[in-house]
Structure formats: structure tokens, C-alpha cells
Amino acid sequence: MLVKNRSWFFILFVLVMAACSPKVRTVKKEAEKPVEKEKPAEKKPIKKFTQANISLLIPFKLNEINLKTATKTDIEKYAMPIDFYQGFKLGLDSVAASGLNFKLNVFDTQDDNAHIGALYNNDRFRKSNLIVGPVFPEGVKYISNYSKLNNAIVVSPLAASHPSDFDNPNLISVVNNIDLHGKKIATYIAKNFNPANTIVVLINPKKTEDEQFATPIRNYFLAQGNTKFIVQEYASAYTFETKMIKGKQYVVVVTSSDRAFVLPTIEKLYKLKNLPTGGYNINLFGHPNWVKQNYPTDKLQGLNTVISSSYKVDYKNSAVISFVRKYRTKYGFEPGEFAFKGFDVGYYFGKLLSTYGEDYLEYITKEKYKGLQNNFSFIHDEKLGYINTSLMLLRYKNFALNIIE
């Protein structure tokens, strides 16, 4: 049943739904001027869509699979695009109650830029009010020239790359880049620890990806106004041990997500905190990729470990329970990580199109969203487009990750 359900969703390309009326805000007159009534400020009329056209670019790779003979194992290799598409579809379904008709054109990019380029002459694609995808950085980079030349709005739904990699003012970046993660961690440390007795330590092996996380943290504490903290940097926990001072509080940020490096580092820090002769006061902060990795939870808890994350699903939340039930009923299996991501993207942008019509971009920085898995709070940069800045901080407690901010 799993194979059957996932296979036929590969070839579903058009969805039709329905539109809602926006709220109108009025302006009060000034109480100090009784002579004339002040006219309400004229509000620019919203140009409603009769039908919003969305193009979804997903690497289904239909050319690589025989749907007649595919096994469950074969289909599982393509689970990400299937889950994202099906979640996205349910997101638009939920907006349908608002009233707007959507025309969803789903294109298989086959993870190949030539297939993306071929869409530029496709009439359905060219009439898109919104393009969602490609999902991988190379595809997002490739489509940037088309986006700029044609003033086409492109949503990057899954790539965590920095928007400067694409240099596209028409890009909407959903996934938080590593700079935002670093700034979130640094801001939390500055707000919650006393610089008079706290030393901030970066354990940084200085590989490229390690530096990407370390740089915004280092820059934050070097900036004017944040220099009260002593900041030290070491290549390993073993070097750090030789410089430690009893009585100091240490905030240790491990900038790596290389498990071969991180695991012994966690073990070493835990031992330093729990020395038989009296340990050191250590609070650990980790790389955002740790959320997908497996480390000893008891030691992470013992170190009060905090990590930043773009997403977190609360399975006790009523909206999540409802989504899981609908997804299970409609598709016959459980929603994965990308199904939740797809729903949040589909619902948020569908709602923007439904509510604000052709002017939806004017409201993207005003419309905050708390989703099933992701939260959206966009800022606008004239060169880099629209960037989601909403991040969560999670702490290991009771053998689970809990939201603390």
C-alpha cells in the first residue's frame, strides 16, 4: 500500500481551490480638530487573484524509476520529494477554505539544471505568480538569472545556504542560514550570563564549516557593546583543559558537527564538569546539525546543552495531531520531516496569495507565522531578498529536546 500511494502522487500536477476577503483598516480622526472631519486615509485597493498560479519545482527523478515494478525500497529513496509535495498539497488544501482558486503546476526537475532551463519557455511556468523551488542550492543558483530578468519571485524552501550565494533580490529564503544560528546563540549567551564571571570558549577545529558557525559568534562578541565577555578559542577540549581556572563559569560553544570530533569532545567536557575532586562550571552550546545526530543524551543533559534549530514538531499540539491524522488518512502512511516542511510552506504562501493578491510581497515582512514545524518571520534585504530570521533554541532535558526560546 505504501508503494502504491507514493507512486501515483508522482504524476499529480494540478490542484484547484477557492478566495477570501482581506480585512480593511480605518484611520481615526484627530480629537483636537472639531472644525472638519478628517477623511479616512485612502487605502490602496488589493488586486485579488481570480486564480493564483504556483509552480512547484521538485526533483522527483521520474526518469530513474519504473512505477510499474518499483518496490518499497525503491520508492523510499525518493521519499523527500514525495513527502514535501504531499505536505505542500495539504497546506494549500487548508487555505482552500479561504476561497482562492489555485493552479498548482508541479515540475520534475530531475535535479538537473537543463530541465530547469527548459521550463523558461513553458507557458504555465512563465505565468507563475510564485515559484517554489528548486530545493537544492545549485538549482536555486541556476534559476537566479531567470528570476532577476523576469522579476519572478522564487521561494527556496529547503536550502540552508546564505542568500549571498544566490545574489537574487527576488529570492525568499525559508531555511535559516548558519550566520543566523551563530547570532542567535551569541545573543542568548550575552543575555543570560554574567560577563564578570563568565568566559566564552569556542572549541573550533577551523574546518570551513566550523568557521562558518564560529565567525558570527566571534564577530558578535568583538562588536562594540559586547566586549565585556572574555572570549577564548581552542582547537580542542584537551587544549582548553590546560587553561581552565576553578571558580569561573565557562560557556563552551563547539562549532563542529563532525561526529568523530564532537563525540570525544562531549565526553571530555562531561568529565571536566564531573571531576571527583570538584568539577568545572560548564554550559555547552552545540552546532545546529546536532539535532540530526546521535550523542549521549545523559551527558548532553549534564552539560545543560543548548542548540539552535529552524524546526521542532510538538506532537501534543492539536494542529499537529490534526495534520498527522489527515496525512495518514489521505496517503496511507506517517508524515516525515519534509511533509511538515511542505505543509508550512504551502499554507503560509497560499495564505499570503489568498489574502493579499498581487500585493502579497508587501506583507511578507508583516505576516508572522507559527507553523507545525517551522516559524516564519521575514526581513527584507534589497540585494538578497526576503530572509526568514525565526529560530528556536532547544535544551536537552528529561531525555528530550525542549524549546526554551
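**Group meeting: the sheet and the pocket**

Start at one residue pair: I172 has Y386 in strand 14 as its bridge partner. Keep in mind that this is a predicted model.

Now widen the view. Strand 5, residues 171–173, and strand 14, residues 385–388, are joined by two bridges. These two strands run parallel.

Which sheet do they belong to? An open one, made of seven strands with mixed pairing. Read across, the order is 2-1-3-4-5-14-13. Strand 2 (102–108) and strand 13 (378–381) are the edges, and each pairs on one side only. On average, neighbouring strands are turned by 20 degrees against each other, direction ignored.

Next, the helices. Helix 3, residues 79–96, packs on the sheet. Helix 3 touches strand 1 (52–58), strand 2 and strand 3 (130–132). Its direction makes about 165 degrees with that of strand 1. Helix 13, residues 337–356, packs on the sheet too. Helix 13 touches strands 1, 2, 3, 4, 5 and 13. Against strand 3, the angle of its direction is about 175 degrees.

The largest pocket has a volume of about 780 Å³. How many residues line the largest pocket? There are 34, and A160, V175, N176, H181 and N289 lie nearest the centre.

Which element gives the largest share of that lining? Helix 13 does, with five residues. At least two residues each come from helix 7 (178–192), helix 8 (208–222), strand 10 (306–309), helix 13 and strand 12 (375–376).

Methods. Residues are numbered from 1 along each chain as its sequence is written. This is a predicted model: local features need pLDDT of at least 70, side-chain atom pairs count only at pLDDT 80 or more; totals for chains, interfaces and linings use all residues. Side-chain values use heavy atoms; hydrogens and water are left out. Two strands pair if DSSP finds at least two bridges between them. Helices (H or I, at least four residues) and strands (E, at least two) are DSSP runs, numbered from the N terminus. Axes are lines fitted to C-alpha atoms, for helices over the stretch in contact, and angles run from 0 to 180 degrees between N-to-C directions. Contact means heavy atoms within 4.5 Å. On a 1 Å grid over the protein atoms alone, a cavity is a set of points where a 1.4 Å probe fits but cannot get out, and a pocket is an open set with protein on both sides within 12 Å along at least five of seven lines; lining residues have an atom within 4 Å of a point. Grid points are joined across faces, edges and corners, and a volume is the space filled by probe spheres set on the points.
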